[in-house]
Amino acid sequence: MHIMEGFLPVEHAVGWFGVSAPFVVAGVMRLRRIVRERPQAKMMLAAAGAFTFLLSALKMPSVTGSCSHPTGTGLGAVVFGPAVMSVLGMIVLLFQALLLAHGGLTTLGANVFSMAIVGPWVSWGVWRLAGKLGASIAVAVFFAAMLGDLATYMTTSVQLALAYPDLSSGIPGAIAKFGGIFAVTQLPLAIVEGLLTVVVMNALSGRAGKVDEIQVLCGEVNR
Amino acid sequence: MNNHRAMWLLAAAVVIVSLPMMVPIFQGSFRGADDQAMAVITQSRPDYQPWFQPLWTPPSGEVASMLFAVQAALGAGFIGYVIGRRHGSASRRDDHDGD
């Protein structure tokens, strides 16, 4: 989902920075509030960031014969809500842009929007919805992480399609074209991300499995 | 969650990741999807020039893979540390309960 350095026209690059900025500012404020009000949640916040750091470094082969990577933003979105992931995701994207020439500074706004904003918000929405529908924690976490991952890659497809409409079939044709590259490749990887998120979430909740695990993780309940 | 379920979930993840490389119908170069998308762009817009270059590029694939490994190791290492701390404090609590 990394749009490479210099590959978005200037207006698009600036536009995506504008769209992402308020989310990142809100994320910083939320992050500061969490650290101030529940300092015991710091460990888990860092773990949520570490999970994104880890998963977005793993490029996995897929059924389309190409490689892509999960995003790891679902875990933090489920535990802390989507806002904090805009900040944690941006840190990961900055690391990759500066040290790996993967993604870029000019495309950071667009990449933050897909990976650190849309993905986490979809994960969080799915998590809440699954909870209302009576799904177990494991099932809800699985679908939250999986669908958030897919949403990130679909967003990248739309962003590229807006910048590079197909010469004959326009933007819809371009969405299909980029979606064919990203979304189809991502399908099995999104399932893997869902599985890994369930395993890590359970491992992080320690032996506190019986109570509301997620509240423990948030540091809401000081056990 | 019991450890058996975690094992099965991890095994399923390994199978999903390995299958594309093992089953002949999923052929391909296994290059990055990001690169493929950029190739599509440069094909349909041969005159497009990226207007900004990365400030620094790893000098070789080896250096890049090292940095990716560092990224993964830092992430996994810290998660392992937090899991260990949580399990440690959970078992201390249990010891206390037994008094």
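## Charges and surface of chain A

Let's start with charge: in chain A, the mean positions of the 13 positive and 9 negative charges lie 11 Å apart. Here Lys and Arg count as positive and Asp and Glu as negative, with His and the chain ends left out; each charge is placed at NZ of Lys, CZ of Arg, CG of Asp or CD of Glu. Chain A exposes about 7800 Å², and carbon and sulfur atoms supply 71% of that area (Shrake-Rupley method, 1.4 Å probe).

## Model and confidence

This is a predicted model, in which local features need pLDDT of at least 70 and side-chain atom pairs count only at pLDDT 80 or more, while totals for chains, interfaces and linings use all residues. Residues are numbered from 1 along each chain as its sequence is written, chains are lettered from A and ligands numbered from 1 in the order in which they are written, and side-chain values use heavy atoms, without hydrogens and water.

The model scores ipTM 0.91 and pTM 0.93. Chain B has a mean pLDDT of 88, with 94% of its residues at 70 or more; pLDDT is the predictor's confidence in each residue, from 0 to 100. Within chain B, confidence is highest in helix α1 (residues 3-22), at a mean of 92, and lowest in helix α3 (residues 61-98), at 86.

## Fold of chain A

Chain A has eight helices and two strands, arranged along the sequence as α-α-β-β-α-α-α-α-α-α. Helices (H or I, at least four residues) and strands (E, at least two) are DSSP runs, numbered from the N terminus.

The radius of gyration of chain A is 17 Å, which agrees with the value near 17 Å for a compact globule of 223 residues (C-alpha atoms; 2.2 Å times the number of residues to the power 0.38). Its C-alpha atoms fill a box of roughly 60 × 35 × 30 Å along the principal axes. Of the contacts in chain A with a separation of 6 or more, 73% join residues 24 or more positions apart; contact means heavy atoms within 4.5 Å.

Buried residues make up 64% of the 223 residues in chain A, where buried means under 20% relative accessible area, exposed over 50% and partly exposed in between (1.4 Å probe, protein chains only). S20(A), in helix α1 (residues 10-37) of chain A, is buried because its relative accessibility is 3%. Beyond residues up to four places away in sequence, S20(A) touches G109(A), V112(A), F113(A) and I117(A).

A101(A) sits in the loop between α4 (82-99) and α5 (108-132) of chain A and is buried, at 15% relative accessibility. F30(B) belongs to the loop between α1 and β1 (31-32) of chain B and is partly exposed, at 23%.
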